[in-house]
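Thank you all for coming; I would like to take a few minutes to walk you through one structure, going slowly enough that you can follow along on the screen. Please keep the sequence beside the model as I speak.

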Amino acid sequence: PKYKLPTSRSTTPDQVLSTALTDQTQKSSSSSWSYGEFAKQYPNVNNIGIATIKTASADLLAQVVIAQTPVSEIDWQRAFLFCAFGATYLGAFQYW
């Protein structure tokens, strides 16, 4: 089991919650950050982040490699528009 439940019937819900939180704090402080755990705990935030980065990267790649635009002349307004599109439509709306 994830959490140890008290065996005494005189235990209050606050004591059970306190024990669970203490166990979780000890577990998280002894381990390092895990992307898998983050993705499970915050799936919407995770997907919005991935879609935003993916869409922005694709636009920058299209501008620099395909259109052969020099890095100093990148259309940042277009890049930020793709960021917004990636976050709202691809990340939030399609995932939902």
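Predicted model: local features only at pLDDT ≥ 70, side-chain atom pairs only at ≥ 80, totals over all residues.

First, then, the overall picture. The protein has 4 helices and 0 strands, so that reading along the sequence gives the pattern α-α-α-α. Of its 96 residues, 15% are buried, and the accessible surface amounts to about 7800 Å², with 63% of that belonging to carbon and sulfur atoms. If we take the contacts between residues at least 6 apart in sequence, 43% of them join residues at least 24 apart.

A word on confidence before we look at details. The average pLDDT of the protein is 82, and 68% of the residues score at least 70. Confidence is lowest in helix H1, residues 13-30, where the mean is 59, and highest in H3, where the mean is 94.

Let me turn to charged pairs. How many salt bridges does a search of the whole structure find? The search finds 1, and this salt bridge is formed by aspartate 59 and arginine 78, whose closest N and O atoms are 2.6 Å apart. Because aspartate 59 lies in helix H3, residues 43-66, and arginine 78 lies in helix H4, residues 76-93, the pair ties together parts that are 19 residues apart in sequence.

Alanine 51 lies in helix H3 and is buried, with a relative accessibility of 5%. In sequence, alanine 51 and glycine 91 are 40 residues apart, yet in space their C-alpha atoms are 5.0 Å apart. If we leave out residues up to four places away in sequence, alanine 51 touches Gly86, Leu90 and Gly91. Threonine 55 is also placed in helix H3, and at 8% relative accessibility threonine 55 counts as buried. With neighbours within four places in sequence again set aside, threonine 55 is in contact with Phe82, Phe85, Gly86 and Leu90. Asparagine 46, another residue of helix H3, is buried with a relative accessible area of 13%, and beyond residues up to four places away in sequence, asparagine 46 touches Tyr35, Phe38 and Ala39.

That brings me to the aromatic rings. A pair of aromatic rings is described by the distance of the centres and the angle of the planes. The count for this structure comes to 6 aromatic pairs. Tryptophan 76 and phenylalanine 80, the pair I began with, are tilted, at 6.2 Å centre to centre and 35 degrees between the planes. Here tryptophan 76 is partly exposed, with a relative accessible area of 44%, while phenylalanine 80 counts as exposed at 55%. Tyrosine 89 and phenylalanine 93, by contrast, form a stacked pair, with 5.5 Å between centres and 25 degrees between the planes. These two residues both lie in helix H4 as well, 4 residues apart, again about one turn of the helix. Tyrosine 89 counts as partly exposed at 35% relative accessibility, and phenylalanine 93 as exposed at 51%. Elsewhere, ring pairs link Trp33, Tyr35, Phe38 and Tyr42 into a cluster.

Finally, consider the surface. Which residues form a nonpolar patch there? The patch is made of Phe82, Phe85, Tyr89, Phe93 and Trp96, which together have about 630 Å² of accessible area.

Note on methods. Residues numbered from 1 in each chain as written. Heavy atoms only, no water. Salt bridge = Lys/Arg side-chain N within 4 Å of Asp/Glu carboxyl O. Patch = residues over 30% accessible without salt bridge, like charges linked within 9 Å, V, L, I, M, F, W, Y side chains within 5 Å. Areas by Shrake-Rupley, 256 points an atom, 1.4 Å probe, with all protein chains shown as cover. Buried < 20%, exposed > 50% of the residue type's maximum accessible area, 1.4 Å probe, protein only. Contact = heavy atoms within 4.5 Å. pLDDT = per-residue confidence, 0-100. Phe/Tyr/Trp six-rings, centres within 6.5 Å; stacked < 30°, edge-to-face > 60°.
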